[in-house]
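Me: Please take a close look at the surroundings of the ligand in this structure. I would like one connected account of what lines the site and how the neighbouring parts are arranged.

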Amino acid sequence: MRLAAATIAAGALLFAACSREQPPSAPAPEPAPVVEAEPELDPLSGLKMTGDWQTVRAACTACHSAKLITGQRGTAEQWLAMIRWMQKKQNLWQFDAITEGKIIAYLADNYPPSAAQRRMELPSELMPPNPYEP
Ligand code: HEC
């Protein structure tokens with residue numbers, strides 16, 4: 001009888017030891033998010049050194065600081081409109097189509113519109129009266 005009890009006890013111990021729950025394995029680590037490294041900035045102009053940045057530096061910093069560019073945001077259409085405006089009003093010369101395409105692509109890729117940059121223009125009836133209007 002004693003032997004049986006001891007056997008049962010030993011068996012129970014053994015069972016307890018073996019069936020101990022495995023510690024929950026640590027969750028598989030999340031795959032690291034793919035962070036595209038921001039291109040370095042040209043120390044001279046502050047332009048992002050990627051793609052055709054040298055074309056842009058050569059074409060766009062003769063008259064004003066590149067800060068006017070890096071502080072601006074726009075879609076390809078908006079950048080093109082700014083260039084057309086400078087060509088019309090500010091003596092900016094014409095670019096050949098390939099150069100212009102490179103400039104626009106660089107600008108739209110690297111300085112795209114950001115949600116916080118500009119709000120939609122308000123319709124005039126939603127604005128206070130213009131105090132400067134005669
Ligand atoms: C021939 C001279 C000249 C060149 C070259 C030139 N710009 Fe300008 N740009 C101007 C002038 C002048 C202004 C107005 C500056 C001011 O408001 O103080 C201006 C203003 C700007 C502005 C500000 C527009 C705004 O709405 O505030 C941006 C952005 C700009 N230029 C981008 C460019 C880009 C991009 C290029 C290259 C394609 C370029 N510029 C090349 C003359 C030039």
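Reply: The model is predicted. Of the 16 residues around the ligand, the nearest are C60, C63, Q72, Q90 and L92. Two or more residues of this shell come from each of α2 (53–60), α3 (67–70), α4 (76–89) and α5 (97–110). Helix α4 gives the largest share, three residues. By residue class, the shell around the ligand holds 12 nonpolar and four polar residues, and no charged ones.

The setting of this site is a helical one. The protein has five helices and zero strands, and along the sequence the pattern reads α-α-α-α-α. Buried residues account for 7% of the 134 residues in the protein. Where contacts join residues at least 6 apart in sequence, 57% of them link residues at least 24 apart.

On the α2 side, the contact is made by W53, T55, V56 and A59. On the α5 side, T99, K102, I103, Y106 and L107 take part. The residues of this contact divide into six nonpolar, two polar and one charged. The shell around the ligand, by comparison, has no charged residue.

Helix α4, the source of three shell residues, can be checked for its length.

After α4 comes N91, whose phi is positive, near 65°. N91 is a residue other than glycine with this positive value, and its place is in the loop between α4 and α5. N91 counts as exposed because 8 C-beta neighbours lie inside 10 Å, and the cut-off for exposed is 12 or fewer.

The loop between α4 and α5 also holds W93. W93 has 8 other C-beta atoms within 10 Å and is therefore exposed. In sequence W93 is 10 residues from I83, while in space the two are 9.5 Å apart, C-alpha to C-alpha.

F95 is in the loop between α4 and α5 as well. With 16 other C-beta atoms within 10 Å, F95 is partly exposed, because that count falls between the limit of 12 or fewer for exposed and the limit of 20 or more for buried. F95 and I83 lie 12 residues apart in sequence and 9.9 Å apart in space, C-alpha to C-alpha. Leaving aside residues up to four places away in sequence, F95 touches A59, E100 and I103. Of these, A59 belongs to α2 and I103 to α5, and both take part in the contact of the two helices.

Methods:
Residues are numbered from 1 along each chain as its sequence is written. This is a predicted model: local features need pLDDT of at least 70, side-chain atom pairs count only at pLDDT 80 or more; totals for chains, interfaces and linings use all residues. Helices (H or I, at least four residues) and strands (E, at least two) are DSSP runs, numbered from the N terminus. Two residues are in contact if their C-beta atoms, placed from the backbone, lie within 7 Å. A residue is near a molecule or strand if its C-beta atom, placed from the backbone, lies within 6 Å of it. Ala, Val, Leu, Ile, Met, Phe, Trp, Tyr, Cys and Pro count as nonpolar, Asp, Glu, Lys and Arg as charged, and the others, Gly among them, as polar.
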